[in-house]
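Here's a quick briefing for anyone meeting this structure for the first time. Have a look at the sequence and the 3D view, then read on.

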Amino acid sequence: MLVDLAGWAALSGMALLLCLVPANLWLVGQLKAARAAHLPRSDARVARCVELVRSARALKFNGWDQAFEDGILTLRKSELPYIQTELRLFSYLMTMTVALPQLATALALAAAVLARPDLPLTAALAFPALSLFSVT
């Protein structure tokens with residue numbers, strides 16, 4: 001349908017999307033690895049918190065609450081770099097998810113206009129192209 005609307009040059013937007021699929025898959029793999037590295041540290045911190053809650057009375061009675069809190073904070077501090085890495089990768093992935101369809105649409109419309117100068121860029125061409133790339 002895009003070819004009917006704007007000609008073969010408009011497929012350049014689809015080519016852009018297809019070329020960036022490996023980058024998207026690589027980011028997903030990196031995110032999966034970051035999450036796998038993060039989870040054991042998170043589990044250790046949560047287990048320590050559960051231990052603290054279960055024995056709160058004994059900890060308070062013996063004055064060990066500060067030592068337990070320091071231990072939890074140390075575990076949290078060791079967990080933070082993994083969280084930052086995971087969030088950075090997730091932000092890259094979301095940026096690609098949001099920006100790539102818009103870039104592909106712009107490329108397809110620009111290629112269609114440059115390839116066929118006799119075909120003006122009108123709403124009848126632009127809005128169906130936006131719909132095909134799911135930008136609307």
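**Charged pairs and their surroundings**

Glu86 is buried, with a relative accessible area of 12%. Keep in mind that this is a predicted model. A search of the whole structure turns up three salt bridges, and Glu86 takes part in one of them, with Arg35.

**Arg35 and Glu86**
- The two side chains meet at 2.8 Å, N to O.
- Arg35 lies in helix α3 (residues 21–54) and Glu86 in helix α5, so this pair ties together parts that are 51 residues apart in sequence.

- Arg45 forms a salt bridge with Glu79, and their closest N and O atoms are 2.5 Å apart.
- That pair links distant parts of the chain, with Arg45 in helix α3 and Glu79 in helix α5, 34 residues apart.
- Both ends are tucked away: Arg45 is buried at 18% relative accessible area, and Glu79 is buried at 1%.
- Glu79 also meets Arg76 in a salt bridge (3.7 Å, N to O).
- Arg76 and Glu79 both sit in helix α5, three residues apart, or about one turn of the helix.
- Arg76 is partly exposed, with a relative accessible area of 33%.
- Through shared partners, salt bridges join Arg45, Arg76 and Glu79 into one network.

**Rings**
- The charged end of Arg48 sits over the ring of Phe68, 4.2 Å from its centre.
- As for aromatic pairs, the structure holds zero.

**Gln66**
- Gln66 is found in helix α5 (residues 65–115) and is partly exposed, at 43% relative accessible area.

How values were computed:
Residues numbered from 1 in each chain as written. Predicted model: local features only at pLDDT ≥ 70, side-chain atom pairs only at ≥ 80, totals over all residues. Heavy atoms only, no water. Phe/Tyr/Trp six-rings, centres within 6.5 Å; stacked < 30°, edge-to-face > 60°. Lys NZ or Arg CZ within 6 Å of the ring centre and 35° of its normal. Helix = DSSP H or I, 4+ residues; strand = E, 2+ residues; numbered from the N terminus. Buried < 20%, exposed > 50% of the residue type's maximum accessible area, 1.4 Å probe, protein only. Salt bridge = Lys/Arg side-chain N within 4 Å of Asp/Glu carboxyl O.
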